Amino acid sequence: MNHPTNNAFVLDWLNDMAAMTQPDNIVWIDGSEEQAAGLRAQALASGELIQLNQEKLPGCYLHRTVQNDVARVEGRTFICTTKKEDAGNINNWMDPAECKAKLTKLYTGSMKGRTMYVIPYSMSIVGSPFAKYGIELTDSIYVVLNMEIMTRVGYNVLDALGDSPDFIKGLHSKANLDESNRYIVHFPEENTIWSINSNYGGNVLLGKKCFALRIASYLGRKEGWMAEHMLILGVTYPDGQKKYVTAAFPSACGKTNLAMLIPPKALADKGYKVECVGDDIAWLRVGEDGRLWAVNPENGFFGVAPGTNEHSNPNALHTCMKDTIFTNVCLNTDTNTVWWEGLDKNPPEHAINWKGEPWDYRKYDKADKVNTSGAHPNSRFTAKAVNCPCLSPAYYRPEGVPVDAIIFGGRRAKTAPLVYQSTSWQNGAFVGSIMASETTAAAAGAVGVVRRDPMAMRPFVGYNMGDYWAHWLEMGVRIPHAPKIFHVNWFRTDDEGNFIWPGFGDNLRVVLWILDRCAGRVGADITPIGYVPKAEDIDIEGLDGITVDTVKDLLTVDTDAWLEDVENIKAFYAQVGERVPEAMYDELAALEARLRASK
Ligand code: OXD
Ligand code: MN
């Protein structure tokens, strides 16, 4: 067979993987629209894709996964380093040789009767100093078509790679989608990812979580840069000045919404504009100017559909109105269009739910969403970045954007104030390490169950969490003009459990305070946890129902709640284990001492 590359490392590996999986054919993916159209036609014929109304949703398709394969599977995700302690206590670990032996049995013959697709792809712009290359082998057309949206696919990647061994080897097989043999495993020491028995995006689009976070975080530590679970947002001031922030929130806490926000009228009237550079992943490097620079290594958005609407995120809604693959949403059979919970208040009369069954919206029960909703709660859209109305021109810049502020955030009903600023890079890294989200009554029944999710990276660090924190601390020393680090919480509730802060576009008001702090334009009050705004410095012009007193309330620091949190943090640090840097324990002790002194 003719290969589009002579790279011996690529060809030898491909031969080995093909010998194991035994596909009938091997097809190289060249990135052309012509080839993609042929694959779509095959997927339509097999039922893997359903064509949607091409007038209303041009280039859009629907895919349904099997019912037990609808989300990332953290319990079956492994980091296979030679030494267990290098993966750490927060990751699942398997010995690399044992893991390969076990999975080899599952992969053997798994592609018999199928085609193996070879996808050369780039994370970030091909040829740019940030770019890293990968090749994914897969037996899923769905994966090929999604990868063509989410990454930059084509033979130019092979040209850029030349005869180098420096690429990430990804092997994916749907096999027979057997849940009990589903594995997502990473060999960071060998630049290798193996995924089997799933066909759900987060487990199988290997460029995303597997490469751009787990493997890249490992490489970042080795090479002196950072791979983070962060959106990248640009703010343009009325005088034309542009500033950029990155923000890390746990999954499903509104990163895509913040990344694409529309300024509230009062701020839009003053001339503020917002642009999206990325919604999920940032790769960060120190620039020649001594600042931290960020790129979005992806080429599309793999967004959660439910809750996306004209109010929460009109830009995302417009982005997915064309060239989009929807997964596990509800099909309106009258119009052949899609619907999901929270899209609008008009569920379709005639519909097929995410399971592929006729659906009656009258039977919807909030307490049993998975079984009664039209769209699965984790249903998704895979949409092209170029179709986003607020995509930043800086998205196309190989060098990325300079970062003024890093924002951490969680979903905390009471503890965290609307916003606070750390007192130094080290203190900011500590703030990231203690990030947490709480379940609320609305979401899960039990209020106040805290899940610690450091830097929103708990499921995505490709090595020991303690070493990851040490890397954060080291990076602070290496960045002469480091961004300032903040923490936000949009989710404080009143005594009835209602959110106090309006969120969505109005979050820009908080981002502007953050940028004012970075520019030294505004003062703040020091508290035991860090700097908190003076309530009158948050611009609330045009905001209904929110007064300076409401903002004051949102900014209070509840010492007792924080002291309780300190105990929870101690337990988490103990779980992370021996490699927690001393400096983090110093920060924790100092926080506790300040809280006690303030009582
Ligand atoms: C996630 C995602 O789970 O981005 O974080 O899909
Ligand atoms: Mn994510």
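**The ligand site and a helix crossing**

In this predicted model, an oxygen atom of ligand 1 lies 3.0 Å from an N or O atom in the side chain of arginine 380, a polar contact being a pair of N or O atoms within 3.5 Å. Taken alone, ligand 1 exposes 210 Å², of which the protein buries 90%, with accessible areas taken from the Shrake-Rupley method with a 1.4 Å probe. Arginine 72 likewise has a side-chain N or O atom 3.0 Å from an oxygen atom of ligand 1, and for aspartate 280 the corresponding distance is 3.3 Å. The residues around ligand 1, with a heavy atom within 4 Å of it, are Arg72, Lys209, His229, Ser251, Asp280, Arg380 and Phe460.

Turning to the helices, the axes of helix 13 (residues 425-433) and helix 19 (residues 582-597) come within 10 Å and cross at roughly 85°, the axes being lines fitted to C-alpha atoms over the stretch in contact and the angles running from 0 to 180 degrees between N-to-C directions. Helix 13 is therefore roughly perpendicular to helix 19, a term that covers angles of 65 to 115 degrees.

Residues are numbered from 1 along each chain as its sequence is written, and chains are lettered from A and ligands numbered from 1 in the order in which they are written. Local features need pLDDT of at least 70, side-chain atom pairs count only at pLDDT 80 or more, and totals for chains, interfaces and linings use all residues, while side-chain values use heavy atoms, with hydrogens and water left out.

Methods: Polar contact = N/O pair within 3.5 Å; in protein donor to acceptor, adjacent residues only side chain to side chain. Helix = DSSP H or I, 4+ residues; strand = E, 2+ residues; numbered from the N terminus. Parallel < 35°, antiparallel > 145°, perpendicular 65-115°, else oblique.
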